Amino acid sequence: MTASEEARPGRIALVAWSALLSVSAVLALAFGPALVVSLLLVPLRIGVPLTNAVFGGLRGLADLHRLWAVRVLGQPIPRPYRQLDGVPPIADPATWRDVRWLPVNATVGLALVGIPAGGVLLGTFGLGTILVWALAHDGGHGRAALVLMVTIAVLGGTWALIRPAMRAYGALLHWFLAPAETTRLADRIAELTETRTEALDTQAAEIRRIERDLHDGAQAKLVALGMNLGMAEKLLVQDPAAALRLLSEAKQSTGHALAELRELVRGIQPPILADRGLDGAARALVMASPLPIELLVELPGRPPAPVESAVYFALTEILTNVTKHSAATSAWIRIGYRGGRLDLMVADNGMGGAHPYPGGGLHGIQRRLAAFDGILTVASPTGGPTIITMEVPCELAAVSS
Amino acid sequence: MRAGRRVVLAEDLTLLRDGLRRLLTASGFDVVEDVDNGPELVNALVTHRPDVAVVDVRLPPTFTDEGLRAAIEARTQVPGLPVLVLSQYVEQVYAKELLAGGRTGVGYLLKDRVFDVDQFVDAVHRVADGGTVLDPEVVGRLLSRSAENNPIARLTARERQVLALVAEGRSNAGIAAALNVSLKAVDFHISNIFTKMDLPASADDNRRVLAVLSYLDI
């Protein structure tokens with residue numbers, strides 16, 4: 001049932017629909033007085049549930065029209081209602097657009113939707129007239145010919161107009177029943193505010209972690225190193241053996257500090273990612289993995305550095321999960337770019353059951369990718385296999401070599 | 001013949017470049033040129049054809065893996081040119097690329113290894129002699145990766161230590177010194193390792209390294 005199959009619905013079916021929709025357009029006007037009455041009753045206890053029921057009924061009617069538009073015309077009309085954030089129907093601008101739609105539907109809508117049914121009705125009436133005249137041997141041939149010509153014109157016109165009229169009606173439905181641009185923007189702003197806050201929080205936490213690591217690690221080791229060197233300097237003449245011991249301790253301490261800094265740098269921005277991009281860095285991950293992993297990278301350019309980094313760390317985390325928890329014996333990674341999106345897939349033949357539960361690693365990745373409008377989906381039935389896909393919209397920059 | 005070996009040095013940080021020059025000169029090398037970027041490095045290597053080059057991975061103008069690329073490029077122009085690549089971090093991918101351009105006269109070490117002057121100088125000489133020197137960190141990761149369903153898993157802890165040192169490019173004497181055991185013990189371990197891994201034994205140090213490295217798929 002694809003949209004293209006349904007984009008050309010049968011004319012006969014449309015005539016039937018047209019009759020039904022015309023009747024419903026008129027009957028739907030009853031929501032008007034119902035709404036007025038229920039709103040007047042709001043001071044009484046019964047008013048609020050009644051109003052909600054009326055709005056619920058109206059939404060039901062609107063939903064039926066949306067369903068009809070997509071099933072019959074192949075024109076999808078997204079639902080505009082804000083349900084997730086607990087907005088009551090009365091405070092939802094989409095509700096009031098539904099209400100405004102009622103009079104328009106009963107006038108302009110009826111005019112459009114009435115064309116097929118009306119035309120057929122008129123045509124049938126014309127043919128009936130001719131038939132009656134013919135049976136009654138009444139009237140002149142001229143009059144009958146005129147009626148016949150008008151009837152043929154009406155039926156022909158209806159035949160030609162059925163589809164454009166219904167499409168125009170679909171457009172009218174879309175105008176009133178799809179989310180308004182302001183609603184869409186409001187949702188988008190809410191989403192951006194949330195992901196921005198998360199991104200800033202994550203960043204601040206990362207900086208705190210780096211500061212702490214430097215403070216407790218490399219900095220402390222350098223202090224100890226300075227002390228050792230200072231003592232070695234003092235002891236050099238009196239006790240060369242002790243000085244030598246201190247010097248070799250100092251050397252060791254330098255080595256540890258360097259190793260720690262290297263790990264820290266790897267956690268901030270792995271050098272191989274900076275050097276070779278996602279392709280090279282993924283290759284390095286695969287080489288370092290104890291599992292045999294098949295890697296396929298098809299990237300016509302380099303994603304922006306923040307995306308590259310987020311995706312790299314996501315990949316690292318997923319591979320760690322695969323190695324530690326999945327009991328997989330092999331895995332594969334595919335990295336590509338399609339339709340303006342960086343597209344990654346990590347699959348393993350392990351025992352499945354992976355799930356992005358709140359506070360878990362996969363959930364963390366989801367939240368970090370959300371800052372780029374990216375998404376992560378997990379398909380991991382119990383018993384395996386596990387397939388994790390990530391998609392991040394971004395532009396690629398040409399690779400200069 | 002070890003005295004006065006000619007070295008080309010590439011390092012962009014002045015502090016480290018001067019330090020390395022001092023260290024190499026004090027150890028009897030003749031630093032014929034030091035450069036601080038990739039294109040000049042290729043030029044210097046092709047012009048001087050030194051006995052060995054000591055090269056930092058990260059160099060201008062790209063500040064990525066310019067040094068590695070320059071070394072590989074120079075080795076295509078002067079096949080077999082001994083190059084020791086130094087880096088703040090090691091990657092198996094880079095080791096593989098370096099070895100792909102010929103497996104003799106190649107070294108890849110963390111900069112930290114400079115701390116042990118004697119060992120570092122020994123490594124430079126081994127590379128100049130056409131040997132292969134890999135950083136213990138690279139070798140360690142290779143061995144841990146190969147741990148599962150692999151003959152390496154059947155090696156004893158001591159044999160794994162010996163194998164790691166072989167893969168780093170150490171001679172029998174070097175291995176004996178590092179593990180504080182006799183040369184005879186090293187011989188014994190090595191013949192056991194090669195039997196277990198089903199590799200052809202070889203008296204030649206470097207052929208032995210190469211056998212192990214190709215076994216480790218690098």
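Trainee: Which residue in the hairpin of β4(A) and β5(A) takes a positive phi?

Mentor: That is Gly383(A), whose phi is near 100°, and the hairpin of β4(A) and β5(A) has six residues between the strands. Please keep in mind throughout that this is a predicted model.

Trainee: What joins Gly384(A) and Pro385(A)?

Mentor: Gly384(A) and Pro385(A) are linked by a cis peptide bond, with omega at about -5°, and Pro385(A) sits in the loop between β4 and β5 of chain A. As background, most residues other than glycine have a negative phi, and most peptide bonds are trans.

Trainee: How many bridges join β3 of chain A to β5 of chain A?

Mentor: Eight bridges connect strand β3 (residues 341-348) of chain A with strand β5 (residues 386-393) of chain A, and these two strands also run antiparallel. Here Leu342(A) finds its bridge partner in β5(A) at Val392(A).

Trainee: Where is Ala327(A), and what is its phi?

Mentor: Ala327(A) lies in the loop between α10 (305-325) and β2 (331-338) of chain A, and it has a positive phi of about 60° although it is not a glycine.

Trainee: Switching to chain B, which residues does a cis peptide bond join there?

Mentor: Pro60(B) and Pro61(B) are joined by a cis peptide bond with omega of about 5°, and Pro61(B) belongs to the loop between β3 (52-56) and α3 (66-77) of chain B.

Trainee: What about β1 and β2 of chain B, do they run parallel or antiparallel?

Mentor: They run parallel, with five bridges between strand β1 (residues 6-10) and strand β2 (residues 30-35) of chain B, and Val8(B) has Glu33(B) in β2(B) as its bridge partner. Together with helix α1 (residues 14-26) of chain B, β1(B) and β2(B) make a β-α-β unit that is right-handed.

Trainee: Now the interface: how many residues does the contact take from each chain?

Mentor: Chain A contributes 19 residues to the contact and chain B contributes 23 residues. Between them the two chains bury about 1,800 Å², with 52% of that on carbon and sulfur atoms.

Trainee: What does Arg276(A) form a salt bridge with?

Mentor: Its partner is Asp65(B), and the closest N and O atoms of Arg276(A) and Asp65(B) are 2.3 Å apart. On the side of chain A that touches chain B, α8 (240-268) and α9 (271-288) of chain A each supply at least two residues, and α9(A) gives the most, with 10 residues.

Trainee: How do the residues on that side of chain A divide by type?

Mentor: The side of chain A that touches chain B has nine nonpolar, four polar and six charged residues.

Notes:
Residues numbered from 1 in each chain as written. Chains lettered and ligands numbered in written order. Predicted model: local features only at pLDDT ≥ 70, side-chain atom pairs only at ≥ 80, totals over all residues. Heavy atoms only, no water. Contact = heavy atoms within 4.5 Å. Buried area = accessible area lost by both parts, 1.4 Å probe. Salt bridge = Lys/Arg side-chain N within 4 Å of Asp/Glu carboxyl O. Helix = DSSP H or I, 4+ residues; strand = E, 2+ residues; numbered from the N terminus. Nonpolar A, V, L, I, M, F, W, Y, C, P; charged D, E, K, R; others polar. Pairing = 2+ DSSP bridges. Right-handed = clockwise from strand over helix to strand, strands pointing away.
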